[in-house]
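Hello,

Here is the structure I promised to hand over. My notes on it follow below.

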Amino acid sequence: MGLESVCLGQTNQFTKVDATPRPATSEVAAIELRFGREFDRRLTDRRVDKFSTWLVLLLLTGAAVLVHGYHPYVEDAEIYLPGIERILNPQLFPTGQKFFQSHASMSLFSNLVAYSMRATHLSLESGLFLWHVASIFLLLLACWELTSILFSSARARWGGVCLIAGLLTIPIAGTALYIMDQYLNARNLAAFAAVFAVARTLQKKYLQAALWILFAASVHPLMWVFPFSFCALWMVLQKIEGNVKAMISNVKTSPIAMACLSLAWIPLVSQFSPAYHEAATLHANHYIQNWEWYEWLGIAAPLGVFWWLGRMVRTRQQAFLARVCRAFLMYGLIYVAVSLVLDLPARFESLARLQPMRSLHLLYIFLFLCLGGLLGEYALRKSMWRWTALFVPLSLGMFVAQRSLFPASVHLEWPGRAAKNPWAQAFVWIRQNTPVNAVFALDPGYMHIEGEDEIGFRCLAQRSRLADAIKDNGVVSMFPLLADEWWAQVQAQTPWKHFRAADFERLRDKYGVTWIIVEQPGVPGIDCEYKNSTLQVCRLPASAPALAGAHTDGGEHDDDRIERAKVVSLRMREVVGERKE
């Protein structure tokens, strides 16, 4: 009995403990269902928001292409595309490879683009266009993510992204750079990687930032230095904020050290030939002391704006944005100091080709993001009329500016679209009707001839040519060991407009030239296989008797060589000056 009582008592006690109030099974299921629905709703909202954001970014990408145009074979495409074309067809460019392979061998850009086309079986034209569109989209996506860190409202974020989309081809001071070019090149890929790296650094996701910087370094041997140095500067500032002396000493050295790291990527030599000096001095954008006053304004104005923005946004309780503005102000000042140190002493002439003022590229992107964000937040707000009043005239102005740059070409050179420019028509005919191993000669300053629109011969015609005075000159300024060969070939083609048949024979005998391109009305004594309103494409005969008055290599006197060098130098300076104006 006693044992039973004890057992019953224990049972009652346990029963009481286990009988604590619990929700019924149906109530638990209802709570779980409610939480599940809320989670699904939030997940769906995020997916919808992400989808709508990407959709708007795609529309902005399309609008940017329509405004700024697409010209796949102009300007620096002459340097970047032949490397891609040679990977796709190794028989191309049997001579003159060094004038583009010097760049291609220092990055994976050519391999990345070429192998993607090979894997997808895309044509060269289609692949280039898709890569170009993708690079613009990724830049705008990176800008969206960066503005999402800096601004809380959607209108501020879209204000920054829209301003970048509208100003993609605005010149960046005296650097000869745009935010993004009208054609695919390595800088375009490095641009969006730089913005992603900065955004991840501000979020303290340093591993992701390092991966983006590594990608930028893999596609461009120089442009990675600038996001790297800013990210290093930001981390130093965050770590030692409040310690003024330590901040000054550490901050001054970090971007300079980053710039010095790029020396490992670019070959340096102790002495340079007069040919290299000639090539270097023709690139005024490498030397800040040669910039025009309005190009100096392109340095001072953004730094002044950052100083003002840092003070203004701090009063509006945007402390984080104020700190980032101050960091970019310091970043800009440091690189100006570095540029002056490398530029002013003559013995540092070779270091000027590191082009530290390219740091303005990242600075300008951030500047326009900030200005656009503040405009969206405080000026444009929710008024569609205000947004239209700002961005429609801005887009029209950029469109007109691009049409003035390439007046003889169509604004959008879609894949498969027939060329309108007579120079491009001649180059396409050459690609389709001449042997792969043909070697061409044409005016060394052809890219600056009125109506040529800076269309590259190598990249469009896919044929070898002798060195030119415009783009190959830029290659030489970065790779001095090519200077003597470049200078000799440019001299041999000058003065082109006064060449006679025997001068072309001399080029054939000395450099193996088999075809020439001359402007109308052509050269007496040479039959040409292609003619249009502007040009003639002519095959040189295999052999021909020497004609009276011809300039032969063996018979040219020293005075003639000196005079020829003077003519070349003068003509090149005139061409560069005309283009700059």
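**Helix packing and backbone notes**

Helix α13 passes α15 in a left-handed crossing. Left-handed means that the near helix is turned anticlockwise from the far one by less than a right angle; clockwise is right-handed. Helices (H or I, at least four residues) and strands (E, at least two) are DSSP runs, numbered from the N terminus.

First, the provenance. This is a predicted model: local features need pLDDT of at least 70, side-chain atom pairs count only at pLDDT 80 or more, and totals for chains, interfaces and linings use all residues. Residues are numbered from 1 along each chain as its sequence is written, and side-chain values use heavy atoms, without hydrogens and water.

**α13 and α15**

The axes of α13 (residues 293-315) and α15 come within 11 Å and cross at roughly 45°. Axes are lines fitted to C-alpha atoms, for helices over the stretch in contact, with angles from 0 to 180 degrees between N-to-C directions. So α13 is oblique to α15 (under 35 degrees is roughly parallel, over 145 roughly antiparallel, 65 to 115 roughly perpendicular, the rest oblique). Contact means heavy atoms within 4.5 Å. On the α13 side, the contact residues include Pro302, Phe306 and Met312; on the α15 side, they include Tyr364, Leu367 and Leu371. The contact divides into 16 nonpolar residues, one polar and no charged. Ala, Val, Leu, Ile, Met, Phe, Trp, Tyr, Cys and Pro count as nonpolar, Asp, Glu, Lys and Arg as charged, and the others, Gly among them, as polar.

**α6 and α15**

Helix α6 (residues 124-150) also packs on α15 (residues 360-380): the axes come within 11 Å and cross at roughly 60°. That makes α6 oblique to α15. The crossing of α6 with α15 is right-handed. Leu139, Cys143, Leu146, Thr147 and Leu150 of α6 meet Ile365, Phe366 and Leu369 of α15. Seven of these residues are nonpolar, one is polar and none is charged.

**Backbone checks**

Two cis peptide bonds to look at. Thr494 to Pro495 is cis, with omega near 0°. Pro495 sits in the loop between α20 (483-492) and α21 (501-511). Gln520 to Pro521 is cis too, with omega about 15°. Pro521 lies in the loop between β3 (515-519) and β4 (528-531).

Arg381 has a positive phi of about 50° and is not a glycine. Its place is the loop between α15 and α16 (384-405). Arg381 is partly exposed, at 45% relative accessible area (buried is under 20%, exposed over 50%, partly exposed in between; 1.4 Å probe, protein chains only).

Best wishes
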